[in-house]
Amino acid sequence: MDRVATRRRQSGSTIVEFALVVLLFFTFLLAIVDFARMLFTWNAATEATRAGARYAVVCDGTGNATDVLARMQALLPEITAIDLAWTPAGCNSTDCEGVTVTVQNLNYRWISPVLGLTAAIDVPMPTFRTYLTREVMRQDPNSDAICP
């Protein structure tokens with residue numbers, strides 16, 4: 001009879017151990033998924049910056065930042081502001097050397113529960129910058145499809 005009582009006490013401890021291991025497992029799993037989301041956001045910000053520079057060079061020699069921002073937000077809606085700089089400053093579509101598109105102050109929202117924190121954490125991302133030379137300005141054979 002002593003064996004039956006021992007088994008009952010141990011079956012409860014097995015459930016507690018399982019609950020602790022599952023909690024730890026899901027915490028790590030969610031952290032891995034959130035880290036993958038952060039890498040995706042990083043890549044999307046890089047691609048949005050490249051697409052914005054290409055759009056500015058191919059479609060708009062004067063540098064309409066509103067249209068470039070709208071094109072970039074189609075790839076990554078979290079982008080709220082950009083810096084669009086033509087080289088040299090004040091140039092037009094005939095004498096510009098290139099364009100630089102910069103995205104700053106982009107934050108990634110970490111949502112997985114880590115170390116007991118239940119609130120979302122904003123992780124600052126680096127500055128994303130792309131420079132594209134004028135040699136491709138208005139030279140794209142698909143510019144009619146790209147430019148509205």
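I take helices (H or I, at least four residues) and strands (E, at least two) as DSSP runs numbered from the N terminus. Two strands count as paired if DSSP finds at least two bridges between them.

I note that the model is predicted, that local features need pLDDT of at least 70 and side-chain atom pairs pLDDT 80 or more, while totals for chains, interfaces and linings use all residues. I number residues from 1 along each chain as its sequence is written, and side-chain values use heavy atoms, with hydrogens and water left out.

**Entry 1: the whole chain**

I listed three helices and five strands in the protein. Read from the N terminus, the elements run α-α-β-β-β-β-β-α. I then looked up burial, where buried means under 20% relative accessible area, exposed over 50%, and partly exposed in between (1.4 Å probe, protein chains only). Of the 148 residues in the protein, 30% are buried. The protein exposes about 10,000 Å², and carbon and sulfur atoms supply 60% of this area; the areas come from the Shrake-Rupley method with a 1.4 Å probe, and for residues only the protein chains shown count as cover.

For contacts I required heavy atoms within 4.5 Å. Among contacts with a separation of 6 or more, 64% are between residues 24 or more positions apart.

**Entry 2: the sheet**

In what order do the three strands of the open sheet stand? I found the order S1-S2-S5, with antiparallel pairing. Strand S1 (83-87) and strand S5 (128-133) are the edge strands, each pairing on one side only. From one strand to the next the twist averages 15°; axes are lines fitted to C-alpha atoms, for helices over the stretch in contact, and angles run from 0 to 180 degrees between N-to-C directions.

I looked up the bridges on each side of strand S2 (residues 98-103). Five bridges join S1 to S2, and six join S2 to S5. On the S5 side, Val103 stands opposite Phe128.

How many of the six residues of S2 are buried? Six of the six are, so S2 is largely enclosed by the rest of the structure. In a regular strand the side chains alternate between the two faces of the sheet. I found both faces of S2 covered: Gly98, Thr100 and Thr102 are buried on one side, and Val99, Val101 and Val103 on the other.

**Entry 3: Thr49 and Met72**

I located Thr49 in helix H1 (residues 2-59). Thr49 is buried, because its relative accessible area is 1%. Beyond its neighbours within four places in sequence, Thr49 is in contact with Met72, Val101, Val103, Phe128, Arg129 and Thr130.

I next read the contacts of Met72. Residues up to four places away in sequence aside, Met72 touches Ala48, Thr49, Gly52, Ile79, Ile82, Val101 and Val103.

**Entry 4: the nonpolar core**

I defined a nonpolar core as a set of buried Ala, Val, Leu, Ile, Met, Phe, Trp, Tyr and Cys residues joined through side-chain atoms within 4.5 Å. The largest such core has 29 residues, and Met72 and Ile79 have the most contacts inside it. H1, helix H2 (65-75), S1, S2 and strand S3 (107-110) each supply at least two residues of this core. H1 gives the most, with eleven residues. In soluble globular proteins, nonpolar side chains tend to be buried together.

**Entry 5: aromatic pairs**

Rings of Phe, Tyr and Trp (its six-membered ring) pair if their centres lie within 6.5 Å; planes under 30 degrees apart count as stacked, over 60 as edge-to-face and the rest as tilted. I counted three aromatic pairs by this rule. The rings of Trp42 and Phe128 have their centres 6.0 Å apart and their planes at 90°, so the pair is edge-to-face. This pair links distant parts of the chain, with Trp42 in helix H1 and Phe128 in strand S5, 86 residues apart. Trp42 is partly exposed at 39% relative accessibility, whereas Phe128 is buried at 6%.

The rings of Tyr108 and Trp110 have their centres 6.4 Å apart and their planes at 80°, so this pair is also edge-to-face. Both Tyr108 and Trp110 are buried.

**Entry 6: Gln104**

I found Gln104 in the loop between S2 and S3. Gln104 is partly exposed, because its relative accessible area is 44%. Residues up to four places away in sequence aside, Gln104 touches Thr127 and Arg129. I also looked up Gln104 and Ile79, which are 25 residues apart along the chain, and their C-alpha atoms are separated by 8.8 Å.
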